[in-house]
Structure formats: structure tokens, C-alpha cells
Amino acid sequence: MTAPIVLITGASAGLGVDFARQMSAEGSRLVLVARRAERLEALAAELGNARAVALDLSEAGAAERLLANLADHGEHVDCLINNAGFGAGGDVATIGAARQRQMIDLNCGLLTELTALVLPGMIERGRGGILNVASTAAFQPGPGAAVYYATKAFVLSFTEALHEEVAGTGVHVTALCPGPTKTEFFEVAAYGDSSRLEKFAMSSAPVVAAGLAGLARNQTVVIPGTVNKLGAQGHRLLPRAVLRKVAKLVH
Ligand SMILES: NC(=O)c1ccc[n+]([C@@H]2O[C@H](COP(=O)([O-])OP(=O)(O)OC[C@H]3O[C@@H](n4cnc5c(N)ncnc54)[C@H](OP(=O)(O)O)[C@@H]3O)[C@@H](O)[C@H]2O)c1
């Protein structure tokens, strides 16, 4: 039997590197995607059972170009790890319209398009897995990072709905909602004072392990870590008006 093919977006840093390492150890063949080609090539060489595709996934048409690349190699996607994403700290009025649009295009648009393109094949084959990386940011509005929080609320809602849509088809669908995690995320997002969030940051490897274990048992939503699990319950305990003020204090 040929090894299953796993497509990992955002595999040049952070969680994506650990997804690649852990899935490589399971014997899958990997396709690693991000913009920084050298990092992807180095990781592919280290793992042995992976190849790199350098692509800006926020650009229109990126999903179709990526899947055309797989088709050229005679590959179909058995497992999709929708991990590429970024945040941006600052108020909506100050971050810049183009960057906020790019965040929506990558965090939501690309994730949705890739999912829609690979899903029919998975359903036809009666098996497959889609892991969408959301965030604990998905559980409340986030003044000071409004668009990022909203993109992750989209990912969580979309993934939960999709999980129900494909029930019984053999396709597993899981949303992974990490809290603060030690990656390049905070550097990229340039949150004003991220130290408050980073203080509670988990290492990336256990976050990834929890996500993959959840996908294997087809768990709808995975929140790794006790502090994150408790934090994500805020919306059950506090009125939304209070919740968003608490979130504002964090940024
Ligand atoms: N770290 C956290 O605290 C945290 C918490 C909750 C959720 N998350 C989510 O976890 C996911 C992974 O983030 P991370 O924490 O691992 O951050 P990271 O270390 O900054 O990695 C982000 C990855 O996304 C890729 N990426 C960014 N823009 C891209 C683009 N336009 N086209 C292609 N690839 C692009 C980056 O590669 P290139 O720059 O090479 O393109 C990199 O591989 C994201 O969806 C993030 O929102 C992170």
C-alpha cells in the first residue's frame, strides 16, 4: 500500500514544522507549502519523505495552482493540514486595509478553497482527514486584533459545520484551537505587548500532537492545555460585553 499523502500549509515555521515532523514519523508522504523555499527544502531533506512547494497562499488562484502541482506529481491529498495563517496586532484603523484583507484571504479564503477542492475526492474514496488550525481567539471578539480573532471564529464555525456535513463518509474533520504557542507567530503579528500572552505559551510539539490525536479519533474541536481549555470557557461564564472588554485588556 502506498503511503498516504499529507498536504501541510505553513510548514516553514512553528506548528507547521512539528506537523511535518510528527506526520513524517508516522510514515506519510508530505507536501510542504509556504513562501520561504529554503526552509521548506531543508525540512524536506531532513525528513526524507517530503517535498517542498514554495507559494504565496494568500494570492488568488494559489489553491488551484497548488493542487495542479500535486496532480502533476500523480498525487491526491489524503490528509490536509490547513495551518498557514498569521495575526496582526493593532486597531483596524491603523493596521492597513491590505494586510487585513490578506489575513482574511489566507486564514479563511485559502483554507476554505483548499478544503472544498480536496473534499470530493476524500468522500469518493471513503476516507481522509482535514485538520483546520483555528485558535482560542475563536471564542471571543478581540479588540486590538479584531480581524485575526474574526478569522479564527470563521475557521471554528466552518470546521464544526463541515464536521457534521461529512459525518458518516469516512472523512475526519477537526478544528485545533491552540492558545499562545511558542512559534514565530508573535514576531509576525507584532502584538504591542505580547509578553502577557507569551507567558502562558505552550511548546509547539504537544499542541500538534493533541491536534493529530484529535483528528485520528475525529474529535470536532481540540483545545490543547488546561489553561487554554479553561480560557475558552469564558463565553459560557461571562456576558459577551464583558468578554470583549477582557480581551481588549490582553492586547
Ligand atoms: N502561535 C500561536 O500562539 C498560535 C495560537 C493559536 C493559533 N495559531 C495558528 O497556528 C497557525 C500556525 O502559526 P504559527 O504559530 O506556527 O506561526 P508561524 O511560526 O509564524 O508560522 C506561520 C506559517 O504560515 C506560513 N505563511 C504565512 N503567510 C503565508 C502565505 N502568504 N503563504 C504561504 N504560507 C504562509 C509561514 O510561512 P512563510 O512565512 O514561509 O510563508 C509559516 O510557515 C496559524 O494559523 C496561527 O493563526 C497560532
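# Close-up views of a predicted model

Cysteine 108 is buried, with a relative accessible area of 8%; buried means under 20%, exposed over 50% and partly exposed in between, using a 1.4 Å probe and protein chains only. A note before the views: this is a predicted model, in which local features need pLDDT of at least 70 and side-chain atom pairs count only at pLDDT 80 or more, while totals for chains, interfaces and linings use all residues. Residues are numbered from 1 along each chain as its sequence is written, and side-chain values use heavy atoms, leaving out hydrogens and water.

View 1. Cysteine 79 is in no disulfide, and its nearest cysteine sulfur, that of cysteine 177, is 17 Å away. With 9% relative accessibility, cysteine 79 counts as buried. Cysteine 108 is in no disulfide either, and here the nearest cysteine sulfur, again that of cysteine 177, is 13 Å away.

**View 2. Helix H5 beside helix H6.** Two packed helices are described by the angle between their axes and the distance between the axes. Helix H5 covers residues 97-125 and helix H6 residues 146-165; they pack at an angle of about 15°, with their axes 8 Å apart. Axes here are lines fitted to C-alpha atoms, for helices over the stretch in contact, and angles run from 0 to 180 degrees between N-to-C directions. Helices (H or I, at least four residues) and strands (E, at least two) are DSSP runs, numbered from the N terminus. H5 passes H6 in a right-handed crossing, a crossing being right-handed if the near helix is turned clockwise from the far one by less than a right angle, and left-handed if anticlockwise. On the H5 side, the contact (heavy atoms within 4.5 Å) includes Met103, Cys108 and Leu119, while the H6 side includes Tyr148, Phe154 and Leu162. By class, this contact of H5 with H6 has eleven nonpolar, five polar and one charged residues. In this scheme Ala, Val, Leu, Ile, Met, Phe, Trp, Tyr, Cys and Pro count as nonpolar, Asp, Glu, Lys and Arg as charged, and the others, Gly among them, as polar.

**View 3. Helix H3 against helix H5.** Look next at helix H3, residues 62-72, which packs with H5 at an angle of about 40°, their axes 9 Å apart. That angle makes H3 oblique to H5, and their crossing is right-handed. Ala63, Glu64, Leu66 and Leu67 of H3 make the contact with Leu110, Glu113, Leu114, Leu117 and Val118 of H5. These residues divide into seven nonpolar, no polar and two charged.

**View 4. Helix H1 with helix H2.** Helix H1 (residues 14-25) and helix H2 (residues 37-47) pack at an angle of about 20°, and their axes are 11 Å apart. H1 is thus roughly parallel to H2, and passes H2 in a right-handed crossing. Val17, Ala20, Arg21 and Ser24 of H1 meet Leu43, Glu46 and Leu47 of H2. The contact of H1 with H2 has four nonpolar, one polar and two charged residues.

**View 5. Histidine 172 and its contacts.** Histidine 172 sits in strand S6, residues 171-176. At 24% relative accessibility, histidine 172 counts as partly exposed. Leaving out residues up to four places away in sequence, histidine 172 touches Gly128, Gly129, Ile130, Leu215, Ala216, Arg217 and Asn218. Histidine 172 and cysteine 79 are 93 residues apart in sequence, yet 9.1 Å apart in space, C-alpha to C-alpha.

**View 6. Two loop residues with a positive phi.** Most residues other than glycine have a negative phi. Asparagine 218 is not a glycine, but has a positive phi of about 60°. Asparagine 218 lies in the loop between helix H9 (204-216) and strand S7 (221-222), and counts as partly exposed at 26% relative accessibility. Alanine 190, also not a glycine, has a positive phi of about 50°, and is found in the loop between helix H7 (185-189) and helix H8 (195-198).

Methods: A disulfide is a pair of cysteine sulfur atoms within 2.5 Å. Angles under 35 degrees count as roughly parallel, over 145 as roughly antiparallel, 65 to 115 as roughly perpendicular and the rest as oblique.
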